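Please open the model in your viewer and keep the selection tool handy. We will go from one stop to the next, and I will tell you what to pick.

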Protein chains: 2
Amino acid sequence: MQFEGAEKKAEIVIANDSFNLLTDLQQGFWQQLVDSAGASILSRMVNADCRAYILSESSLFVWRDRFIILTCGETNLAKAVEFFVTNQPLLTIASLTFQRKNEYFSEQQPSSFKQDIERLSRYIDGKHYIVGDLAQHHHQLLSYHDDRTHQTPQRYELLAFGISHQASDFFHQNNITQGDVLGYLGLTEALGGYTLDSHHFSPCGFSLNAINGEQYITLHITPQHAHSYVSLVSNSDIAKLSNTLLSRLNPLCFDVLTINSLDKSQQLPTFNDSVTKLNHQSVLIAENRLLTYVNLKQQ
Amino acid sequence: MQFEGAEKKAEIVIANDSFNLLTDLQQGFWQQLVDSAGASILSRMVNADCRAYILSESSLFVWRDRFIILTCGETNLAKAVEFFVTNQPLLTIASLTFQRKNEYFSEQQPSSFKQDIERLSRYIDGKHYIVGDLAQHHHQLLSYHDDRTHQTPQRYELLAFGISHQASDFFHQNNITQGDVLGYLGLTEALGGYTLDSHHFSPCGFSLNAINGEQYITLHITPQHAHSYVSLVSNSDIAKLSNTLLSRLNPLCFDVLTINSLDKSQQLPTFNDSVTKLNHQSVLIAENRLLTYVNLKQQ
């Protein structure tokens, strides 16, 4: 009954002068890309700007000039990036972020981050950073940025670890609907303008993709009592949503990570000291990115 | 003719309630501590606040409640920290910073940082961070802070890599004096109020300790043409001195690292874009420390 909820994430932007748009690539290409990581496509929704896929392990979003893929469990996401690079030699990569959270069950992963770096370095001359406490919560990043472009997408992440037993119990129910989940998390109103697609996993687990024009929000719930995990990732500012979610989930600790957040106050976020204790905070400026990271603990 | 200039650094503050002052400890204790790292004491100077030692590999400064030791070359500084902890069981450690720059010749080091962490973790429950690009310039830190105290010293570091051949040639001369070195580097006036102690190494290399009350400045020059290195470390703001030094040394790239700098503008230092290019910049807030780090490249 253990499952590695923490996602590996790869986000790639192609240069303006690229031959093809990513949305021109056939569905079969994305199927193969997802398959190369050891996952599969479960469902899809489309709007004028974006294609959103729910995967057997997390999510994939594709726009004209970029895509982001998140895969949890025992997947090998570096292989999906390798598949992209080797099968689309005419596309120029303007920006890459390959990111991996330290895992609960790292010995069960098909590759270490070091091995991922070795694989990706055959194709991409990126830089390698770590934010956080190496013995506890931390993120490893491989970042690449082509100096000729300024295309590094924004990203906002809330990652919650050890949600309350009450919340965990809620997500273990068999008969809950998408509406029940959003209601329980207090997200119904905030996602009002979004088109939604979700999947309940057996025996437990829940994934939701939400798109609205170019905006996406993706929510993944790993409710297992041992090492429960909830992630909310978006290209929009989810600070308000995050506060709501935290009040409902009451996790033992959580990460807030932003890339190129426009909200300057997010550079050094402040939280209510009486409720949360700051474990760690860092800001990283490199490769056309402003990355902020905090890890907070409930008191 | 290769020498590892980059220093390992350990800074320890003892709690107010400790039984002894560090300045009460006998000279023989510090000799043994330095010896346990694989270095030796070459000379000493003392004022009312501080004892300053020039070592065969860098420097040691001791105050009533704290000491900092820097050792370069192929020393094992973690062993010196272990010696301190095991031989002074009555002293309570309020704060520890153990820090190591990535080395040019890492395979020749007697220990890896991972091994250092393993050794120190037997005694100190610290946190482990990395700032910088893992494939290039970066610093690894083990930080510990006792929540009951607020004693984390300030530190300012300038580390310059690949100084100009002209500067390198200057420091290879046999007959230069301490005054010549300070004159060449433009430091004579800035060090006017300080008591100085220096050592010329054979065949090349120069170390200088400067103290003024509780303030210290330590300068170490590894002028070897391959992998030349100059470091300036202090508990005072050395921003102005650093600019002077950089203009004289014209290094290929340099690090500026501060710990608990009072100058808020140092949190995100700005440099002249036409002269230097920012490779990397990060801010880390953890363990009662505000650490800023930038790596800049001459254009």
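A residue is called buried when its relative accessible area is under 20%, exposed when over 50%, and partly exposed in between, using a 1.4 Å probe and protein chains only. This is a predicted model, in which local features need pLDDT of at least 70, side-chain atom pairs count only at pLDDT 80 or more, and totals for chains, interfaces and linings use all residues. Residues are numbered from 1 along each chain as its sequence is written, chains are lettered from A and ligands numbered from 1 in the order written, and side-chain values use heavy atoms, leaving out hydrogens and water.

**Stop 1: chain A as a whole.** Of the 299 residues of chain A, 60% count as buried.

**Stop 2: A:Arg100.** Now select A:Arg100, in strand E6 (residues 93-101) of chain A. Is this arginine buried or exposed? A:Arg100 counts as buried because its relative accessibility is 4%. Follow the side chain of A:Arg100 to the backbone oxygen of A:Ser111, at 2.6 Å. The backbone oxygen of A:Ser112 is 3.5 Å from a polar atom of that side chain. Both are polar contacts, meaning N or O pairs within 3.5 Å; within protein, one atom must be able to donate a hydrogen and the other to accept it, and residues adjacent in sequence count only if both atoms are side-chain atoms. Leaving aside neighbours within four places in sequence, the residues in contact (heavy atoms within 4.5 Å) with A:Arg100 include A:Lys8, A:Asp116 and A:His138.

**Stop 3: helix H2.** Select residues 77-87 of chain A, where eight of the 11 residues are buried. Among them are A:Leu77, A:Val81, A:Phe83 and A:Phe84. To see what covers the buried residues of this helix, show elements including helix H1 (27-36), strand E5 (66-71) and helix H3 (113-121) of chain A.

Stop 4: Most residues other than glycine have a negative phi, and most peptide bonds are trans. Go to the bond from A:Ser202 to A:Pro203: it is cis, with omega near 5°. A:Pro203 lies in the loop between strands E10 (195-200) and E11 (206-212) of chain A. Then move to B:Asn260, whose phi is positive, about 55°. B:Asn260 is buried, with a relative accessible area of 16%.

Notes: Helices (H or I, at least four residues) and strands (E, at least two) are DSSP runs, numbered from the N terminus.
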